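Subject: Structure handover

Hello,

Please find the structure below, followed by notes on what was found in it. The notes can be read with the structure open beside them.

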Amino acid sequence: MLRINLILLSFVFFVCSLSAQNSTNQIQREHQPIRIITNNWASQKVISHIVGNIYQQLGFEVSYLELPTEGQWFALKYNKADIQVEVWEGSMADKYYQLKEENSIIDAGSHNAKTREEWWFPSYVKAQCPNLPKWTALNECAALFSDENSGRGIYYAGPWEKPDRARIRALKLNFKLITLNSSDELWDKLTEAYTQKKPILLFNWTPNWVNAKYQGEFIEFPDYDIECETVPEWGVNKVFLYDCGNPKSAWLKKIASRSLAERNSCALNTLKNVNLNNSQFEEIAALVMIKGLTIEKAAKYWLSENQSLWRSWISKDCR
Ligand code: TMO
């Protein structure tokens, strides 16, 4: 009898300690820092810190993980990072659809902002190349964008995933591509050219701060179509893909890891509510790029100026 009681007692003890351990695990999981991915352009960094500050106000620990856009997918899929606040259709749709399809990421909804990522030139170039912004003007004026005697133009790209070499080939453009390592390097090139009124062709996007300071236009390539990227016979080039531009009114999404969705509905649902429009994006980027604030100061300033907006994003699950 005593022996059976002892066995029973130790069994009860075992079960209790198991469930105690389970709930500590759960608490640890819930208190695991929310790992926010920061990329390499201004609005993305500031909005990451805006969301990070909101999470901290809600009592979460936050950490920031700086990653190039190509590196973020692995981190989200394999539970090394939790959120990305700006996923752009023009440069990231392929990877987004792939990971969404295999159920490796959570779509946390779109911003109201409509986006475009495309080749861009300052308006003063039109004086020398009046058929711009049409893409066929690029070959007529390639020499203007050249830095050598070859007459071959230069297009400056940023470190984002774009099939620009394929497009140059498909549209038979007499251009070479130079990839710069950061948005800062792009803007340095732009500022240098702009102050001397020299022709330049570079990657740009909207919403962005650039349009508030420099006048310019996107190149009008043949309109984007999904078949342009999948059906070689589509478009002006019957053999090669990518004979078109990027979408002109594209989405801008937030995404989260499955881990975050499992461990924290307050954090996930608050992210789902985060929503900015084009002019808000432009203002946020300008705080850093025109007003010269640091990323964290820009985030704090924006939060102090937009209290009722960001408070409205906090999910009911958080109370
Ligand atoms: C992803 N980006 C806004 C740099 O084109």
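Buried means under 20% relative accessible area, exposed means over 50%, and partly exposed is in between, using a 1.4 Å probe and the protein chains only. Helices (H or I, at least four residues) and strands (E, at least two) are DSSP runs numbered from the N terminus.

Before going on, note that this is a predicted model, in which local features need pLDDT of at least 70 and side-chain atom pairs count only at pLDDT 80 or more, while totals for chains, interfaces and linings use all residues. Residues are numbered from 1 along each chain as its sequence is written, and side-chain values use heavy atoms, with hydrogens and water left out.

Strand β6 covers residues 153-157, and five of its five residues are buried, so β6 is largely enclosed by the rest of the structure. In a regular strand the side chains alternate between the two faces of the sheet. Strand β6 runs parallel to strand β7 (residues 175-179), and five bridges join them. Two strands pair if DSSP finds at least two bridges between them. Opposite A157 stands T179 in β7.

Strand β1 (residues 34-38) is mostly covered, with five of its five residues buried. On one side are I34, I36 and T38, and on the other R35 and I37, all of them buried. Strand β1 is joined by five bridges to strand β2 (residues 62-66), and the two run parallel. The bridge partner of T38 in β2 is E66.

**Salt bridges**

Side chains of opposite charge can pair when their charged atoms come close. Here a salt bridge is a side-chain nitrogen of Lys or Arg within 4 Å of a carboxyl oxygen of Asp or Glu. How many salt bridges does a search of the whole structure find? The search finds twelve.

One of them joins the side chains of K77 and E102, at 2.6 Å from N to O. This pair links distant parts of the chain, 25 residues apart: K77 is in helix α3 (residues 69-77), and E102 is in the loop between α4 (89-101) and β4 (105-110). K77 is partly exposed at 33% relative accessibility, and E102 is partly exposed at 35%.

E220 forms a salt bridge with R116, and their closest N and O atoms are 3.3 Å apart. E220 lies in the loop between β9 (216-218) and β10 (252-257) and R116 in strand β5 (residues 116-122), so this pair ties together parts that are 104 residues apart in sequence.

K248 is partly exposed, at 40% relative accessibility. Salt bridges that share partners join R116, E220, D223 and K248 into one network.

**Helix α7**

D184 is in helix α7 (residues 183-196), and its relative accessible area of 45% makes D184 partly exposed. S183 is also in helix α7, but S183 is buried, with a relative accessible area of 5%. From S183 to K272 the separation is 89 residues in sequence and 27 Å in space, C-alpha to C-alpha.

**Backbone points to check by eye**

Most residues other than glycine have a negative phi, and most peptide bonds are trans. Which peptide bonds are cis? Among them are the bond from L132 to P133, with omega near 10 degrees, and the bond joining T206 and P207, with omega about 5 degrees. P133 is in the loop between β5 and α5 (137-140), and P207 is in the loop between β8 (202-206) and α8 (210-213).

K172 is not a glycine, yet its phi is positive, at about 50 degrees. K172 is in the loop between α6 (164-170) and β7 and is exposed at 63% relative accessibility. Y242, another residue other than glycine, has a positive phi near 70 degrees. Y242 is in the loop between β9 and β10.

Regards
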